[in-house]
Amino acid sequence: MALAFDEYGRPFIILKEQDQKTRLRGLEAQKANISAGKAVARILRTSLGPKGMDKILQSPDGDVTITNDGATILEQMDVDNQIAKLMVELSRSQDYEIGDGTTGVVVMAGALLEQAERLLERGIHPIRIAEGYEMASRIAVEHLEHISKKFDFGATNIEPLVQTCMTTLSSKIVNRCKRHLAEISVKAVLSVADLERKDVNLDMIKVEGKVGGKLEDTELIYGITVDKDMSHPQMPKQIEDAKIAILTCPFEPPKPKTKHKVDIDTVEKFQTLRLQEQKYFDDMVQKCKDVGATLVICQWGFDDEANHLLMHRNLPAVRWVGGVELELIAIATGGRIVPRFQELTTEKLGRAGLVREKSFGTTKDKMLYIEHCANSRAVTIFIRGGNKMMIEETKRSIHDALCVARNLIRNNSIVYGGGSAEISCSIAVEAAADKYPGVEQYAIRAFADALDSVPMALAENSGLQPIETLSAVKSQQIKENNPHYGIDCNDVGTNDMRQQDVFETLIGKQQQILLATQVVKMILKIDDVISPSDY
Amino acid sequence: MAIERILKDDASEEKGERARMASFVGAIAITDLVKTTLGPKGMDKILQSTGRGQAVTVTNDGATILKSLHIDNPAAKVLIDISKVQDDEVGDGTTSVVVLAGELLREAEKLVAAKIHPMTIISGYRMAAECARNALLQRVVDNKENAEKFKLDLMKIAMTTLSSKILSQDKVHFAQLAVDAVMRLKGSTNLEAIQIIKKPGGSLKDSFLDEGFILDKKIGLGQPKRIENAKILVANTAMDTDKVKIYGARVRVDSMSKVAEIEGAEKEKMREKVQKIIAHGINCFVNRQLIYNFPEELFADAGILAIEHADFDGIERLALVTGGEIASTFDNPESVKLGHCKLIEEIMIGEDKLIHFSGVEMGQACTIVLRGASHHVLDEAERSLHDALCVLSQTVNDTRVVLGGGWPEMVMAKAVDELARQTPGKKSHAIEAFSRALVAIPTIIADNAGLDSADLVAQLRAEHHKEGCNAGIDVISGSVGDMAELGISESFKVKQAVLLSATEAAEMILRVDEIITCAPRKREDRM
């Protein structure tokens, strides 16, 4: 700990409780930060690509998650180091923005840091490195634009979309039935997509899972599923052409917000109160009935009496439906959420072609399906699988696939996968490096080397000789001037990613490079780490 | 000063070989734990809970054993999970699925040691599982058309399932019980309609199936003990003091006489309610909530049998079987659907009085009364019977049947071996390993029965070399026998679920190359 002294030899206290803090400065701080960043990247490196391995994560409560989704791994890893936390953030922002490539971005950042360390050792100033990286990333992004392909699909021709989703899914545990899941994802996205505005609201797609059955039983439901059953066991299990009243008020006597007391002091009052109470219930049910509702979905519970009255009047009802689900139902059925019985009108009812209750397995699990809705845009992907972990993992994989499909609808440019885009960028950056005078040149070259690390990791994970494979592919790309050669991870026999139909979205790739560069720049600029020491 | 620590204190990380070893070891340990319970001569386990009273459970049901274990190893948790799912989905084969997954991992461990990449093993296993399933599909027997034969199939399946449980002594009796109960369901898988009542005393043989419905309740004092052609109102309503549900209401009086008046009004209200109920023209009233003395007395006066405080399931089931609806308001007697049954009477089982509803409208429901020497025996008997009922109800829907006694495993192993020979590349090792894992199951069955497994399995393999052979292990005589003749069958659906989930679980564990354990959540020090 560096200390400053005044002319009498007394130390200046600059930081509060200075002597209890550890401090790292200069090159040492940078190196420590870099090594932390690299450590995170190293964990994820083996999860990259179609042959990537999974990780078991045990949460503080002992629950087990098995995944190879980069964002999920980092999210649950319980990271303590500040720099490592930055990497976690990095992966998370890629997840929010793009939804896929969360592992790739961290591996990329790790590689950049590794290269930067070498340059630091040679005495290059960190800011110069950062600037060089910045330039290089711009070159790479432009080059990506250059090699990208427009990609045609339509509402009828979904095959290309399915292929892209399959690329995403192939790195997950679900790759056994990736075709099936990819089709489901694409259909789901297309049914909620607004092709003219080129926008997709993923909130309209609900991903539900239920343990049991096989992965192949996963289905796409044009409607909503609710994990609830009818409030009364004897209500009809199937309603056709349902008119749905969506309520957020309980079937109970009203509870005014202001404090009040109803005093009972005579027998008459007691009796009128009782009659009043019965009338409440009667009125409520009658109001629903009057507007022509054939199904009541309520956010709150029912009183036993109300429940029976509903049953009695032949008005099926579902209670304790969560707020989010309620909204989805409202969107799907075109109904309005009604907060008060008085405001219930016929126009506010939602419509659905079919509402049915379905039970599963030997336990009495029941789900409610609301299908053929008036506004068929809301869909549900219903996942079945061997166990809870499998379903969680499938959910994550489907989420990735959905994001990819959405990105393609937003922007239909693609680049080829299998590391081919990185290799091609690396060649372009390498070539561009020589044109820059000054120290940045080194940084740009280092950037090119870092780009190679993604295909290298892919090859390594696929059990190929990393360096041999990479150099072979690289030379092939340069020789034939064809940016579509990548790593043949699945051992298909061709390096041409166009033939293998492996591609990724352009914005996803660009985002990866930009985000990784940004974070690395940030880390490089840190030259002082002050942290409270352990006590 | 290198910062290698990026995780929180106490969090740990295991990588590569070590991680894989940890998961293999965990999974195999679990397998070894439940292995000895497999098969008709499997042994039981005593489970002592850490809770108050240290309750003891004696069982050989895989799912029950695994559910009660406190496990820290993540891979072991995966296995417990699949066993639980197997229990929920098909009800039986909970031990087999864990054993098969464990054996698959055991074989995989050897392959990994021989420097075969886990991904290669996984793809091999996948091919093998598919092949095994197809092989089994070719040999299934489907007696859907022939009701007589199908019933016989069900009987065989029930006997096979029960033979590994505590009920094996009386398996014919119980198999008959289970088949009868399931046949009454007429294809629905809703096991709710089958009620199981356990009453200690007597012996297991005294257990019986009752076609009616039995409610574990007493009849109120002074009320008729026997009603013929009963009209039943099933209700869920407060029969104590009917509260005013309007929020904020309270009684405020200024003199004693007013209290009396209001009390009188309350009583009047209850009397009115009872009158309304009586106006339905019923002679039996079953309520989910308590019935206080006062209304009970009123009911007794009207000659109505009032039963209070039936549990929720009981009420639902009663409503289901008698065809009535669960009522909570009583203003429109003409439109409430009443339940009917021919006869309600009080019966004695052991020392307990129960209410018996016979001649109910809906023929689906029935009650199985289990008798046995102790609670442990009864609990275990219930679990076994539950397994049998689950399997049977699933079989009614998917009528395909295969033989038992290690026969399906041998058939699958043979097909998988065939596949291994035809597959080029490293995968063939994995496929071969899959077949070895399959053969491990008959081996364990034989071992558990104290037989010479090596000899028997070799014989079995030779037998299976012939086309269309029905050979399996006959544990009773300790030799290889014809399973079709011995009448040992299993449901195809169960076997398929075992095969697929075991492969899936093994795959999941194999794919792992790193275990990151978070720091355990700190408990608040309450001391």
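**Close-up views of salt bridges in a predicted model**

**View 1. A:R128 pairs with A:E440 in a salt bridge.** The closest N and O atoms are 3.2 Å apart in this predicted model. Are the two partners buried or exposed? A:R128 is partly exposed, at a relative accessible area of 34%. A:E440 counts as buried because its relative accessibility is 9%, under the 20% cut-off.

**View 2. A:K474 forms a salt bridge with A:D452.** Here the closest N and O atoms lie 2.7 Å apart. A:K474 sits in helix α14 (residues 466-480) of chain A, and A:D452 sits in helix α13 of chain A, so the pair ties together parts 22 residues apart in sequence. Both A:K474 and A:D452 are buried.

**View 3. B:R383 and B:E380 form a salt bridge within one helix of chain B.** The closest N and O atoms are 3.0 Å apart. Both residues lie in helix α11 (residues 375-397) of chain B. They are three residues apart, about one turn of the helix. Both B:R383 and B:E380 are buried.

**View 4. Four residues of chain B make up one salt-bridge network.** The members are B:D32, B:K35, B:E103 and B:R106. Salt bridges with shared partners join them. How many salt bridges does the whole structure hold? A search over all chains finds 45.

Methods: Residues are numbered from 1 along each chain as its sequence is written. Chains are lettered from A and ligands numbered from 1 in the order in which they are written. This is a predicted model: local features need pLDDT of at least 70, side-chain atom pairs count only at pLDDT 80 or more; totals for chains, interfaces and linings use all residues. Side-chain values use heavy atoms; hydrogens and water are left out. A salt bridge is a side-chain nitrogen of Lys or Arg within 4 Å of a carboxyl oxygen of Asp or Glu. Buried means under 20% relative accessible area, exposed over 50%, partly exposed in between (1.4 Å probe, protein chains only). Helices (H or I, at least four residues) and strands (E, at least two) are DSSP runs, numbered from the N terminus.
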